[in-house]
Each structure stands twice: as C-alpha cells, then as structure tokens.
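Subject: Handing over the two-chain model

Hello,

I am passing this structure on to you, and I would be grateful if you could look through it before reading my notes.

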Amino acid sequence: MDHLLGIPPAAIVGQLIVGLINGSFYALLSLGLAIIFGLLHIVNFAHGAQYMLGAFIAWAMLEYLGLGYWWALLIVPLVTAAIGMLIERTMLRRLHGLDPVYALLLTFGLALLLEGAFRLKFGASGQPYASPLSGGITLPFAFLPAYRIWVIVASVAVCVATWWFVERTRFGAYLRAAHENPALVRTFGIRVPLLLTLTYGLGVGLAGLGGVMAAPIYQVSPLMGSNLIVVVFAVVVIGGMGSIVGAIVAGFGLGVIEGLTRLLVPDAAGVVVFVVMLLTLALRPQGLFGRGDL
Amino acid sequence: MHTPSHTPRRLPAWAIALGVAAALAAPFVAYPVFLMKFLCWALLAASLNLLVGYVGLLSFGHAMFFGSAAYVAAHSLQVWGWDPALALLAGAGAAALIGLVGGALAIRRQGIAFSMITLAIAQLVSFVALRAPFTGGEDGIQNVPRGRFAGLLPLGDDLVLYYLVLAIVGAGFWIVYRTVQSPFGHVLTAIRDNEPRAISLGYRVNRYKLAAYVLSSALAGLAGSLKALVFQIATLTDVSWTTSGEALLMVIVGGLQTLAGPLVGALVVVTMQNQFASFAEVVLLLQGLVFVVVVLVFRRGVVGEWEAWRARRAAGAAATKINPPEGQA
C-alpha cells in the first residue's frame, strides 16, 4: 500500500495522529462534562474556560515559579478542582432545585468572565510553552513526536481510570446511586451535597488536566477554551448526555473522523462534527450511548 | 423558567401614550443610530424571550437567525439591488427557513440538550458563513446601500430610517404580544409548565414548539435584516455565539416572561457595548459579571423584580384595606 485513494500513507498517518490528539482533548473534556451532567444535571458551560485556566496555571508555574510540566501535571488538576469546588459551594449550590437552565447561564457567565479577564491581562495572542519531551519515533513513512504519543496514551489512561472509578468503585457506586435517588442515598447517611461538590471538582480537575496537556501543543491563549467548548458540546450530544463511555468513544472517534475529513475534503473539516451531530439527532436522538430519559 | 404562568397585565393607556411619545421624540434627543441599534437588539431579545420565557425552550443559537438574515438582506440589497422592503422580507424568510430545518431537529430533545443542540447548529451556520462565497469571509458584506423603502422613503436619511425601524420593531413587539395572548400562546405556556399533561390532553406538542421556534426565528431574522440596513454591514460577529449570548443576557437582565423586559435588557447591554466599544475584553468581563449577578441575585430580571415588587405592595395594601382597589387582580 503506497497510495490509498491517491493519498500518501504518510499523510494518512499524520492526520490520524492529529485526529487522535484532538480526540484526546475532546474525550477528556466531554468526560468531565458527562460526569458533571450525570450527577448535578448541569451543563458546565465554563468547562472550556476552566481548561484554559489549567493551561494558564501551568504556564504561570513555569514562568514565575520555575516548576516544569511534570509538576504542573500533578498540581494543576488539584488547583483547578479546588477552584471548581469553590464555585460549586458558593454559587452553583444556590441554584440547586431550580431549573437547570440557570446553572447553564451562570456557568456561561463565568466563562465570559474568565475569558474577558485573561484577555484583558494577556491579549488574544498565545503564550508559548515548550514541549517537555523532545524526539520521537521514526516510522518507515512518518515521524511521531514523543510528546504527542504521550498525550494520546495519557488521555486514554485517564479516560479508562475515570470510567473504572465511576463504574467499578464504591465511591462511584455512591455517585450513581445519588444520581438515581438522592433522597434515599441521604437516608443511608451519605453526604450527597459533599458528593456533588466533589463531583464538580472532579469534572473541573479533568478540564484543568486537559489544559496542562494542551499547553505544549496549542499555544496558551485566552481563546483556547471557547474555540473548543462548542465542539465538545456537540461531542457530548453525539455520545449521549451523561454517558461516560459515550463521551470517550465519541471524543476519540470524532477526532479521527475530523482528521480524515481534513484529508479528503479539507473545507469540511470544521463542520464535520456538527454534521455528525445532526445525523445522530435525526437517527438516534438520545445519542449513541445515551438513555432515552436524559 | 418553570414558574407558574402569568399573563402580562394590560398596560394602562397613559403608559402606552407616554411610550409612543418618547419613542417619537427620541431621535431629537439621542443619536439616531444608537437608538436604531437598541431597537434592533430589543427585537432580537423579544424574539428570544418568546421562546425562552413563554415556551421554555432555551435557544442558545439565535445569532444564526440574526446573522444569516443580515447576510441575506445585505446581499440582496447590494448585489441584486432589491428594494429594502423585499430585502427585509428575504432576510426574515431565510431565517424562518433555517428555523424550520434546525428546529425540526432540535426539538427532538428537551431541556438542556435542546440548548446545546441549538448552539451547535448555530456554530455550523457560522462556519458556513465563514466559508460561503457570498458572505465575504472575514470582511463580511460592507457598504450596503440603504436604498428607498418601497420605492418611496429615502433611507439614507437617519431620521427617516429611524421611524421605519421604530414602526417595524413596534410591529414585531405587537406580534409577540398577540402571540402570547392568543389561544396558541396559552397552549405554549401549558407545554412549558407541564409537557406530559399537554400531551395527554391531545396537543401535538412538537408542532406547537416548532411553530413557536419558526416564528421566533423569523422575528430574530427581521431584527438581523434591520441591523444590516442600519449599519450597512453584515459580519461574522452577527452569526457568532457571542451574539447569541448577548441576546440571552438581554432577556435575562430584562426579565423572562415580561413584555418590556427585552427593551430594558437591550438598553443595558447596548449601552454597555457603546461605553466600552474599544475594549472588547472589558465588555466580555462585564457581561460575564452581569450574568453571574443576575442569575444569583435577581433571577426575575429588572422588569420581573419591579412587577413582583408592585404585586407585593398591592398585596400589602389589599391586606390593610377592607376593599382592595380595583384593577389589582
């Protein structure tokens, strides 16, 4: 196989890698959204801004404290999760029991606030962040940069770990039970409000982690979140709202579809995710892995 | 949004007369273009309020109607040399068509999923606007001629254009008011408050929702076409999600389910835009702040809180008097 449909294999592998990279971020972000939606019934519009925040904290740690990528990978998710829990405690908590649309509007406002504040400080241009891994693997027909391989492997690992955590551990069972019947879970002596706070923190922490991993690939820019979030919303709708498996599969799958579309019909690459979303809605309105009741 | 329904009270005649007089005198006091901008945005907000407030459908993509209509109107004015009256109709019609197709898909899901889907469809539309041959890409369509409305009114004169915009926006508000008051509007409110019950009563809920969605998109399109006529430009900003967000902000600031809310909301947001015209990031920051404060502190919006305050005061007065005064139902 030297040419497939008249396209050199190097280009195919290249776009496949780009697709998997983008898909890694789609999956990480839609995973966090799915977890938050599954328990809190909130669409976290600030997810993109929190991802951007993660990238900026990583950048600031390197710039001002001299702490490099691997430290950021450890600390940033914790910091963003803490910020998320603070937001949940001070603001989202007060909207509990109201129409979920108010939480959507609140988080939308937070997203504007964060993006506005960072644009005021840093402008719309990006800050560079050096890649922590140099070198890569040279295949017969393509070169795979080491950092990109790391991102794909790491995000697959995080996705699987999160899935295992929610679906297979005792804490995860509490989460799912609190989603089904919060009143009953409370009578068992489980502190559901605390569970909500921790869940929101977990989702935001995943967004922060995504931000750190994105920093060396894309530039650290105030606009990076809002550019991504709408695509991620479409991914969530395709995967099925609140479905963890759906978020992961749809995230990676759409990244690859987008990459291959760029190869075949370059102009359509920007819209292919939305077209897939419309097709999904027409054929299977609840999403690929969604349940009818959500 | 699932508050018990309340039909808007009839405004007293003196208030309507005062409002009309103020609207007629306004261009002699304030800059006409600013007023026209305010009116266009108010119509956009009113169209969204019809959907969010009275049907309970939170559309996050109203910019697609506003922006596409602006492009269609601008193109038909500039390239085809159409009469402005036809261009306005073409813009609103195009928006209604997009609303029909997009709405048919979006209303398959309810609640938050509906919002996310409308946002994604709007994003699709804005990608098309970026790439389509007739939209001028990043530049947009510029220097759109205003022409003569119905071959008679010279719209190059800001004052003439102002009164035209006022009449059309006024008609738009009247349509919203009539819709909300009509039997059709009552069915919409019933669907918002309890959809399963509306279904069990035999209403084809999705047809009602789609009809409201198309009406709302046509009105948003009318607002967008007017905007293209006033500013003589149609750009990517008009179809971007920030415009959808601003429309939503106006609705929330003014107050859901209030007819005057969109006016107040549009005045606040447009004033904010003008004050900080050269600092986009400050506008973003302030809008975010206003969103957060309104949602946390006064969810009923300016007009909604004012009405609630009046209702409380009336209830207090009724409790102290033996015979409550008339008209305080």
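Predicted model: local features only at pLDDT ≥ 70, side-chain atom pairs only at ≥ 80, totals over all residues.

Residues are numbered from 1 along each chain as its sequence is written, and chains are lettered from A and ligands numbered from 1 in the order in which they are written.

Confidence

The model as a whole scores ipTM 0.86 and pTM 0.88. Chain B has a mean pLDDT of 87, and 94% of its residues reach 70 or more; its confidence is lowest in strand β2 (residues 153-154), at a mean of 80, and highest in α9(B), at 94. Please treat residues 1-7 of chain B with care, as the pLDDT there is below 50, although this stretch has 10 contacts in the model beyond near neighbours in sequence; two residues are in contact if their C-beta atoms, placed from the backbone, lie within 7 Å.

Chain B as a whole

Chain B contains 14 helices and two strands. Its radius of gyration, taken over C-alpha atoms, is 20 Å, close to the 20 Å that the globule rule (2.2 Å times the number of residues to the power 0.38) gives for 329 residues, so chain B is as compact as a globular protein of that length. The C-alpha trace of chain B spans about 65 × 50 × 40 Å along its principal axes. Of the 329 residues, 50% count as buried, a residue being buried if 20 or more other C-beta atoms lie within 10 Å of its own, exposed if 12 or fewer, and partly exposed in between, with C-beta atoms placed from the backbone. Among contacts in chain B between residues at least 6 apart in sequence, 76% join residues at least 24 apart.

In helix α7 (residues 183-193) of chain B, the buried residues are Gly185(B), Leu188(B), Thr189(B), Ile191(B) and Arg192(B). They cover an arc of only 155 degrees around the axis, which puts them on the same side of α7(B); the arc is that of the directions from the helix axis to the C-beta atoms. These buried residues pack against α2 (32-54), α6 (158-181), α8 (195-200) and α9 (205-231) of chain B.

Ala74(B), in helix α3 (residues 63-78) of chain B, counts as buried because it has 32 C-beta neighbours inside 10 Å. Leaving aside its neighbours within four places in sequence, Ala74(B) is in contact with Ile141(B), Val144(B), Ala228(B) and Ala234(B).

Where the chains meet

The contact between the chains takes 33 residues from chain B and 35 residues from chain A. On the side of chain B that touches chain A, the elements giving two or more residues are α5 (111-131), α11 (241-254) and α13 (280-297), and α5(B) provides the largest share, 12 residues. The residues on that side of chain B divide into 21 nonpolar, seven polar and five charged, where Ala, Val, Leu, Ile, Met, Phe, Trp, Tyr, Cys and Pro count as nonpolar, Asp, Glu, Lys and Arg as charged, and the others, Gly among them, as polar.

Ala120(B) is in contact with Val230(A), Phe233(A), Ala234(A), Val237(A), Phe274(A) and Met277(A), leaving aside its neighbours within four places in sequence.

Two backbone points

His41(A), in the loop between α1 (9-40) and α2 (47-65) of chain A, has a phi near 55 degrees, a positive value in a residue other than glycine. Gln232(B) likewise has a positive phi of about 55 degrees although it is not a glycine, and lies in the loop between α9 and α10 (236-239) of chain B.

With best wishes

Terms used:
Helix = DSSP H or I, 4+ residues; strand = E, 2+ residues; numbered from the N terminus. pLDDT = per-residue confidence, 0-100.
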